[in-house]
Amino acid sequence: MGIIFHEETQTFHLTNGEISYIMTVLPNGHLGNLYYGKAIRDRADFSHLLELVQRPMFQYINDDDRLFSLESVKQELPVYGTTDYRAPMVEVLQSNGSRISDFVYVSHEINAGKPKLEALPATYTEDDAEAETLIITLKDSLTGIKARMIYTIWSDRPVIAKSVEYVNEGAEAVHLTTAYSMCLDLPDPDYQWMQLSGAWARERHIITRDLEQGVQSIGSNRGHSSHEHNPFISLKRETTDENQGEAIGISLVYSGNFKIQAEVDTRNTARILAGISPDTFDWKLDAGEHFQTPEAVIVYSDQGLNKMSQTFHKLYQKRLARGEWRDKPRPILINNWEATYFDFTREKLIAIAQKAKECGVELFVLDDGWFGARTTDHAGLGDWVANPDRLPDGIAGIAEDIENVGLKFGLWFEPEMTNKDSDLYREHPDWILSVPGRHDSHGRFQYVLDFSRKEVVDRIYEMMAKILSTAKVSYVKWDMNRSITECYSAALPADRQGEVFHRYILGVYDLYERLTSTFPHVLFESCASGGGRFDPGILYYAPQGWTSDDTDAIERIKIQYGTSMCYPISSMGSHVSVVPNHQTRREAPLKTRANAAYFGTFGYELDLNKLTAEEIEEVKKQVKFMKSYREVIQYGTFYRLASPFDDEECGWMVVSDDKKTAIVAWFRTLYTPNKCFTRMKLHGLDPDALYSCNVLGGQALTVSKTPDGKRIYETGTKENDDPASADVVVGPDCYGDELMNIGLITSDTTAGEIVGEDVPCGDYDSRLYILKAE
């Protein structure tokens, strides 16, 4: 197990009993791929997997040979123009104008553990025994450019991490105009391509289509990973579903412009490329310099999409997220934004905090509007000093006030932006990304600071660090509310302007690194106008992110379902908000708003003082429930059960590591009269365990007892650690094998007439099933 090298055949086999990744040095010295998939036994010679055949209109590498053409070979570092006409993984522009290169095997090394990538987020190990890393060095002799291909395989995860470091050992500068992080050439295209796409307020919806001949891709040229397309795709077989079948997941640990592309040629091989978008990238590599690509993570599953996702979840929870908050249950918070927007005073904030404390909330977050001349979104960004008219005692004062109430204090920043109506801009108008002589576009009346410049990042760090070091701030919400336009840096020469997008993201990472290192006790939550930069790169610094600005529970079911394809529940910021909802005007029940928000970090985005006494009691029970089960929800094993993209009823569940506790969520988006009886097959339970079942916030089809006491569906109070009330229904005890093979009955009065005291149900309904092994 691990990384095996067969010297005689120049073959590399990365395997751990779950997966195999096999490569070989090709006849021309390039690195070829022979196999990727479920683990196979090792052998010294896999050369039979390299199939070569003479074809009309092929071009060939060697004189007097009509077999070896790169056009039909699966490769690890393909280049364009030397018999391969497919999209290249790397393209090097040289001083003579040529883009032709020839990367030939030089050497390799095998090391325990996993190296850190310079200035970039990446997965990591805490013990060298967790993984092995293979570094294969290829060199283009004419230019002196070396490519160090980095492969890490985990000992107990079906995961390969790939990246490349380019080193210029030549005498002249070159330009990297394409530098993807990975290439995966597959022998057939019989996959369905699945992506997570959308827009503001409807991020990460699942879109699936067949791979076909030609090129298809997703990406972003907006300066951030974007609301439109997430840097993740999955390739699944047509018969693959959540629980069976083959799937490959590819996730890019990067927050800037990216592209993930599939090219199926007319001989039905599929090339997958993932990395920095070449459309906006041109990196000048001077003699002696090096360039590191972001990391791509590849996950294989032969047990369906749930297994693929669970692998990403555990890896990203434990070996991508870092710091004090990586393993901690997240505090239940209240954010004042949708409660007050810019219209707040110290007294109003304290009143919201006091009611939140009464309900059991643990953290109060002061959002936008506390700094500079900020009373609207026209001014103040960049001036990270408290507005004395609103907060006469500054951030230290309001933080102390909130701490005296009994809550921790959190604070909103948008550090990458400035308004032209700000002291920062008036002092440094050249600090924004702006093209000389051209018009500056705005978004939300704000402009993007040039984070490719160290002095800009230094200035913002100093202002933020001053606040965090002098006030009792326990949480930071880091927002970013516009995409980049007019991408030009006044500090870089003309031949380096193609570097600005990437250098900008490196500046963001640098600021995150400095702040999280200096203030390790602070919980950072990322935000980008909601979910516009919800990606693995940011997860390395902030263990949770604001999943979407859309707080409507029914929309959040889709958003969180799609997000779970790659990202763990512990990473999803999720709040209960007011109705009518501020984004959709929908009026979902308070229980449904909570049932959706439980499956994330959980909090409130409203003024609790405006709720009725009955609603406040319900909020108290919600908080009590989340405190009882948040460790199971946030760190258990998550299963998708039924998709909101397919039907009006959907659901998911999470199971504790010991399989003794499971929380099942069932949602109905729209009511269907005279509906069929319904069940959901559960997963991950102990088949031999007898589970009790309480239904929180739901109704039973039958509220009665049989004479012998079996099949109880009784509404009433039940003394346990759940928020006991009349909305708890005690269901029948069932063994795990029954719940997984027959299913959990979810039928209700939609299946017939409402009789007697049966409670009618309707649109936007939901229930939680709490299963406990006896």
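Mentor: Gladly! Helix α10 (residues 590–597) and helix α11 (residues 613–635) have axes that come within 11 Å and cross at roughly 20°. That makes α10 roughly parallel to α11 (angles under 35 degrees count as such). The axes are lines fitted to C-alpha atoms over the stretch in contact, with angles from 0 to 180 degrees between N-to-C directions, and the helices are DSSP runs (H or I) of at least four residues, strands (E) of at least two, numbered from the N terminus. This is a predicted model, where local features need pLDDT of at least 70 and side-chain atom pairs count only at pLDDT 80 or more, while totals for chains, interfaces and linings use all residues. Residues are numbered from 1 along each chain as its sequence is written, and side-chain values use heavy atoms, leaving out hydrogens and water.

The crossing of α10 past α11 is right-handed, meaning that the near helix is turned clockwise from the far one by less than a right angle. On the α10 side, Leu590, Lys591 and Ala594 make the contact, and α11 brings Glu615, Glu618, Val619 and Gln622 (contact means heavy atoms within 4.5 Å). By class, this contact has 3 nonpolar, 1 polar and 3 charged residues.

Now to the pairing. Side chains of opposite charge can pair when their charged atoms come close. A salt bridge here is a side-chain nitrogen of Lys or Arg within 4 Å of a carboxyl oxygen of Asp or Glu, and the count by this rule is 59.

One of them joins Lys284 and Asp495, at 2.7 Å from N to O. This pair links distant parts of the chain, 211 residues apart: Lys284 lies in strand β18 (residues 283–285), and Asp495 in the loop between β26 (475–478) and α7. Lys284 is buried at 16% relative accessibility, whereas Asp495 is partly exposed at 34% (buried is under 20% relative accessible area, exposed over 50%, partly exposed in between, with a 1.4 Å probe and protein chains only).

Another salt bridge pairs Asp430 with Arg453, their closest N and O atoms being 3.4 Å apart. Asp430 sits in the loop between α5 (423–427) and β25 (447–448), and Arg453 in the loop between β25 and α6 (454–470), 23 residues away. Here Asp430 is partly exposed, at 35%, and Arg453 is buried, at 10%.

Technical notes
Parallel < 35°, antiparallel > 145°, perpendicular 65-115°, else oblique. Nonpolar A, V, L, I, M, F, W, Y, C, P; charged D, E, K, R; others polar.
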